[in-house]
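The sequence and structure come first.

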Amino acid sequence: MRTITMHAQMLEKELKGTLSSDASQSFQFMQDGVRRMRAFIDDLLRYSQATHSGSDVRLLDLGMVLNEALRSLGAAIEESGAKVTHDFLPVLVTDSRIEYVLQNLISNAIKYRRPGVAPEIHVSSRLVGDTWLFSVRDNGIGIEPRYQKDIFQVFHRLHGKDIPGTGVGLALAQKIVETNAGKMWVESEPGVGSTFSFTIHQAVGNAAATHGAL
């Protein structure tokens, strides 16, 4: 991928001023295609690692983890005018990749927003028995019931090229949760919004919690 990109850029630079508009557009299509392919490969590697490698388990303050995820999404949050709030978030011994799960769900809530409506996203958690239930609720475009299971499949996308993505993100997030003996699902109403939920087992003697304000 790097070799194709490098030589396409070299050729475009060498031929600058002599290319027709169609030829210039072809170079752009070539480089865009390579970028998309690299994104597919990166996501597939992450998915493979989530499937076959062990978890990086450690003590995590999920309030801080959420803040890190939001910092990574800072540009998208600012551009969309998104408002992100959260409730009580615990400190748990769990997989460090939980940050990817939160980041993916919040990123999707921003991408799949309703036209002209600023995203409102709320992250919540509550302890049910010995399991923490986390939810990410949004006011976006929603998902029709017939597609609510399909969206967790690798490469399954509902909105084509008009919204960027590889179709691996949700599948990877679900795989991370399942690798840690949890479950992930969605409840949604078209035109109203979606709530993605997932569970994390609470280890005995690991009950600590924190509040964080965004």
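## Basis and terms

A residue is called buried when its relative accessible area is under 20%, exposed when it is over 50%, and partly exposed in between, with a 1.4 Å probe and protein chains only. The model is predicted: local features need pLDDT of at least 70 and side-chain atom pairs count only at pLDDT 80 or more, while totals for chains, interfaces and linings use all residues. Residues are numbered from 1 along each chain as its sequence is written, and side-chain values use heavy atoms, with hydrogens and water left out.

## Overall fold

The protein has six helices and eight strands. Helices (H or I, at least four residues) and strands (E, at least two) are DSSP runs, numbered from the N terminus. Read from that end, the order of elements is α-α-β-α-α-β-β-α-β-β-α-β-β-β.

Of the 214 residues in the protein, 38% are buried. A contact means heavy atoms within 4.5 Å. Among contacts between residues at least 6 apart in sequence, 72% join residues at least 24 apart.

## Aromatic pairs

Rings of Phe, Tyr and Trp (its six-membered ring) pair if their centres lie within 6.5 Å; planes under 30 degrees apart count as stacked, over 60 as edge-to-face and the rest as tilted. The count by this rule is four aromatic pairs. Phe-134 and Phe-198 are a stacked pair, because their ring centres are 5.3 Å apart and their planes meet at 15°. This pair links distant parts of the chain, with Phe-134 in strand β5 (residues 131-137) and Phe-198 in strand β7, 64 residues apart. Phe-134 and Phe-198 are both buried.

Phe-152 and Phe-196 form an edge-to-face pair, with 6.2 Å from centre to centre and 75° between the planes. Phe-152 sits in the loop between β5 and α6 and Phe-196 in strand β7, so this pair ties together parts 44 residues apart in sequence. Phe-152 and Phe-196 are buried as well. Ring pairs also join Phe-88, Trp-132, Phe-134 and Phe-198 into a cluster.

## Cavities

Rolling a probe the size of a water molecule over the atoms shows where empty space is left. On a 1 Å grid over the protein atoms alone, a cavity is a set of points where a 1.4 Å probe fits but cannot get out, and lining residues have an atom within 4 Å of a point. Grid points are joined across faces, edges and corners, and a volume is the space filled by probe spheres set on the points. The whole structure contains two cavities of 30 Å³ or more.

The largest cavity has a volume of about 60 Å³. Its lining consists of Thr-94, Asp-95, Ile-98, Ile-176, Val-177, Asn-180, Gly-182, Thr-199 and Ile-200. At least two lining residues come from each of β3 (89-95), α6 (169-179) and β7 (193-201). For residue classes, Ala, Val, Leu, Ile, Met, Phe, Trp, Tyr, Cys and Pro count as nonpolar, Asp, Glu, Lys and Arg as charged, and the others, Gly among them, as polar. The lining of the largest cavity has four nonpolar, four polar and one charged residues.

The second largest cavity holds about 40 Å³ of space. Leu-62, Leu-89, Ile-98, Leu-102, Val-123, Phe-134 and Phe-198 line the second largest cavity. By class, that lining has seven nonpolar, no polar and no charged residues.

His-122, in strand β4 (residues 120-128), counts as buried because its relative accessibility is 13%. The side chain of His-122 makes polar contacts with the side chains of Thr-85 at 2.7 Å and Asp-87 at 2.9 Å.

Ser-188 belongs to strand β6 (residues 184-189) and is buried, at 17% relative accessibility. A polar atom of the Ser-188 side chain lies 2.7 Å from the backbone nitrogen of Ile-143. The side chains of Ser-188 and Ser-194 make a polar contact of 2.7 Å.

## Val-65

Val-65 is part of helix α3 (residues 62-72) and is buried, at 9% relative accessibility. Leaving out residues up to four places away in sequence, Val-65 touches Leu-60, Ile-98, Glu-99 and Leu-102.

Notes: On a 1 Å grid over the protein atoms alone, a cavity is a set of points where a 1.4 Å probe fits but cannot get out, and a pocket is an open set with protein on both sides within 12 Å along at least five of seven lines; lining residues have an atom within 4 Å of a point. A polar contact is a pair of N or O atoms within 3.5 Å; within protein, one must be able to donate a hydrogen and the other to accept it, and residues adjacent in sequence count only if both atoms are side-chain atoms.
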